[in-house]
Structure formats: C-alpha cells, structure tokens
Amino acid sequence: MKKRIPLIAHDLKRLYTAFIITALVLFVVCSFLTEFNVMTLIANSDAFWEFITEDFFPPALPKTSRIPGVLSSVLVTLALAMSSTAIAAVLAFFTALFGSEKVSPFPRFAKVVRGFATFLRNIPALVWAFILFSSLGIGTGVGFVALCITSFAFMVRAFVETMEDVSQDCVESLQAVGATFPQRVSQAILPSCLSGFLSWFLYCVEVNIRASTIVGMVGGGGVGLTLFSYIKSFQYDIAFSIILLIAVMVIAVDQITGKLRKEILK
Amino acid sequence: MSVNSKENILVLNSPKNKPKRIPVKCKQTNRFIPVFLIGVVVLSVLSLVYLEIDWIKMFSRIPQIGEVFWDLGHLDFANIDLIFTSLIETISIAVLSLLYSLILGIIFGMFAARNVFNIPFLSVITQSFFTFLRAVPTPVWVLLMLVCLGMGPQAGVAGLCVHTTAFFTKSFAQSFESIPDETIEALEVTGANKLTVFTNAILPAAVSQIVAWAGMRLETNFSECAILGMVGAGGIGFVISNSLQGYDYGTAGVAILLVFIVAYCIERIFVRIKKKFA
C-alpha cells in the first residue's frame, strides 16, 4: 500500500489551511461585491487581442518635431525624482534623529514625530498631489512637493529603524562620557548608519522614479503627462513606444542604483 | 560596523589627568561614500535648476495649503454611503487582484525559477518579460485596461494584476530557487516527475515566504488602488479627486481619512503577522 510521508509539520499545515480558507472566503466575498468574473474577461479576449495587435503594435515614433520634447520630459521626470528624494532625505535625517527614543534629546516627543510620519506615509502620493493641486495650482513644483512628502515620511521610518538596529550601545557609551547631542550624532550615528541611510535613499530614488511618472499623469509634468496625452488622444502606437521608453528608464535606474548599493555596503 | 562600535567603548586612562581625545570614528571608512554624496548633491542641484520651479510663487501660496487643510478638517458625513461603498469596492479590487496574482505568480514563478523545469531559455524569457511589465507603473496598465474593458472594477483588477503578477513572479522565483538542490534530487531519485517535485517539495518550503510577500503586496495594492480612481477607474480615488475638484472639501476629508485608517490597519496587521512568523 502506498503511504504518503507528510513534508510539512502538522501545526504549520493547520496554519496554511487557515490561510487558504481565509483566501477563499475573501475571494468569494470580493467577487460578489465587485461582480468581477474572469469568464467575462476570457469571453472578451477577442477584443483584447484585437486591441493589442492592431492599435498597439508596432510601436510608432511620435512626429520628429515632438521627439526632443518627449526626451526632455523624461529628463524632467528623472530630475523630479532625484531632487525630491535628496531634499526629503536631508529633512528625514534631521527628523529621524528626533524620532528615535535612544538618540533624541527629547525622548518623550519621539512617538509624536513617528506618528506624524506614519500619518504622512499612509496617504498615497497621488492624494497628496491632488490636495496640493487644489491649493498651489498645477505644475512641476507641486509634483515635487507631493513626492517630497511621501518619501520624507518613508525615510523617517526607515532611518529610525536603521538607527535602532545599529547604534544603541554606541550612543549610550558616548552619552555616558558626557557627549552633547550634536557630538553623539556626528561621532556615533553618522559613521555607523550612513551606509544604511544611503541604501534606503537609493531605494527611495527607485520608488520615486515610478511615482514621479504617476504624479506627472495627473498634472505634475514629465513623461507621465506626455503618455497620458497620447493615450487620451487614442494614439496607442505612439503611447506604446513611450511605455517602452519608461520601462527602459526605470530598468536603467534600477541597474545603476543596484550597482551603487553594492559599492556603498561594501 | 560592529568593530567600530566595540572600539567606542574603550576608555583610556591617561596618566597625567590630561584630557585626551579618544578616536571614535570608523577607521576603515568606505572611500566611495564621499564621492557618492558629492555626486548626489551635484545631481540634485542640477535637477533643481533644470526643473525651473517658481519658488516665489509656491511660497506665496503656502497659506492656501493651510486653508485647504482647514477645509478638509471640516468633515462632511453627508455622502458617507457613497464613500463607504466606493471604499469597499477599492478594498475588494485590491484583494481580488492580489488573489488572482498569487495564483498567476506561482504558475509563472515556476517557469521563471531555474530549478523547476531546468530549461534556462524558458526562465530567461519569462524573467525578462516580467521585468518589462514590472518597470511600467500600475496606473499605465490600468489606463490601457480601461480602454480595452471599459469603465468599472474589471479594468482595475486586470490592470493591478499585471503589475502584481510581475512582482510576484520575480519574488516567488527567488524563493523557489533558494530551495537546496539536494531536496529536489532526493525526490527525483524516487521517480517523481517535475510537477510532483514542485508541489511536494518546492511549494511547501516557499509558503511562508509567499505569505510574507502577499502581506507586503496588499499594502502596496491598497494604496495603488486608492490612486486608480484618480486616473479614471472607480473606487475611493474617484470620490477624492472628484470632490476635491468640485471644492467639496468635507467629503474629500472623510474619504482621505478613511483611506488613511484602512492603510494604517493593514500595516499594523501585517507587522503583527510578521512578528509572529519571525
């Protein structure tokens, strides 16, 4: 007689079963709520393929007179991501110093600082963009501020975690010999956490490249706006070549940041 | 770095009671970091110059931000039923796209992992295709799906699925590849075929990682989903952008608050689960 040998532990198996049952229940409830059905997607697949093969392929270049504009919009997106992340990183560094109970000169306010960052972080960048659009008007500057807010909040959390992971004994010993707050920061935290901070900074640049494309779509300028206007004017073949351009841009940045991160963490 | 922190505890007693400086700085500093920092500063300054932002105009309008927040703070619960149904729609879209992508991600991750089928060509093709899909931001896919499928949750689910599946394929393939070859070989010796090896050895070993990835992705999917309404799909994003553009700040305030609360809850639950697993 065949005998099955269980390859996973019994209690783990129970946990996984619970997960699968929750997933199934969620699936049924959500399908019911949204009336989403894969079958309709499959039934519509003819129109889908038609769209891909006729409207999308082959990718077409925009008019030659427009090409410099498209390229400069890519530069705007890159510049937006780079500068907003850098400024957010500087602000986040100083805020994070006050957000960690071990480091901050006012440990009581550390929770307040972190809570503020949590609030900023949990509202998506695009919502910030919309709030700011209605107060500052549409433009690249608003996209810049919206990206700054979310990456600032993200980096405050990441920096606080990095500091708490690395340098507690270091900071305590310096405090014991009577070092002041700026001395503690420059002598203990910076040397031990800088590479961690920079690694998070690079991650944030990667995220912001994508986010600045999205913010651009709703009025922040850059390549997102170019793409949006081509899609809205039904020029899908040109839109496809811009999508390819965005993909190339994102992949290139990911490669570069990957290389830089390896160098920094050496 | 750990070497450095040990050095810091050293306290030297100088014989003449003269104050003596103890070097606490890291000795073996990374030469690359200063170069990198200078590069970042130069690039950011260049970027700021290139962007030509009208700072004076921006700063002169700062008081208006305060006004908008003041208006947003006056919560208006008149449209609460509309907000609530769209919030539930948004959550459902996020969960549904997550579940569909989980299944698709496991299937494609199987093709992308090098050790499942042992066909290097297949995994290279799958990996590079999904790298492309992953590089394009989600709202772009949703916009294209809106064109194909028309308005409604279908476009949202399908568009989110594209990006989420691409993300899962990469991360699951990594988890599958981290299974030691010995396990696979041992099962192959008993005469199991590739699919049996996958379902009995590789998948069970990767489940805990899959759950962790799914939890992380749910956070992202929800915030992406809240965004989608703003580019034309339905859900809570549509309510937010619509009421902000219509100067109905009270409704927008309630909607933004709800988005915040849900995102915060998902984050907290996920932190709990992660602690339990770790």
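Two residues are in contact if their C-beta atoms, placed from the backbone, lie within 7 Å. This is a predicted model, in which local features need pLDDT of at least 70, side-chain atom pairs count only at pLDDT 80 or more, and totals for chains, interfaces and linings use all residues. Residues are numbered from 1 along each chain as its sequence is written, while chains are lettered from A and ligands numbered from 1 in the order in which they are written.

Q: Which residues is Ser199(A) in contact with, leaving aside its neighbours within four places in sequence?
A: They are Arg261(A), Ile264(A) and Leu265(A). Ser199(A) itself lies in helix H9 of chain A. Helices here are DSSP runs of H or I with at least four residues, strands are E runs of at least two, and both are numbered from the N terminus.

Q: Why is Ser199(A) called partly exposed?
A: A residue is buried if 20 or more other C-beta atoms, placed from the backbone, lie within 10 Å of its own, exposed if 12 or fewer, and partly exposed in between. Ser199(A) has 18 C-beta neighbours inside 10 Å, so it counts as partly exposed.

Q: Why is chain A called more spread out than a compact globule?
A: Chain A has eleven helices and zero strands. The radius of gyration is taken over C-alpha atoms, and the globule rule is 2.2 Å times the number of residues to the power 0.38. For 266 residues the rule gives 18 Å; chain A has 25 Å, well over that, so it is more spread out than a compact globule. Its C-alpha trace spans about 75 × 75 × 40 Å along the principal axes.

Q: Which residues have the most contacts inside the largest nonpolar core?
A: Ala129(A) and Met155(A) do, in a core of 152 residues. H9(A) gives the largest share of this core, 17 residues. Such a core is a set of buried Ala, Val, Leu, Ile, Met, Phe, Trp, Tyr and Cys residues joined through C-beta atoms within 7 Å.
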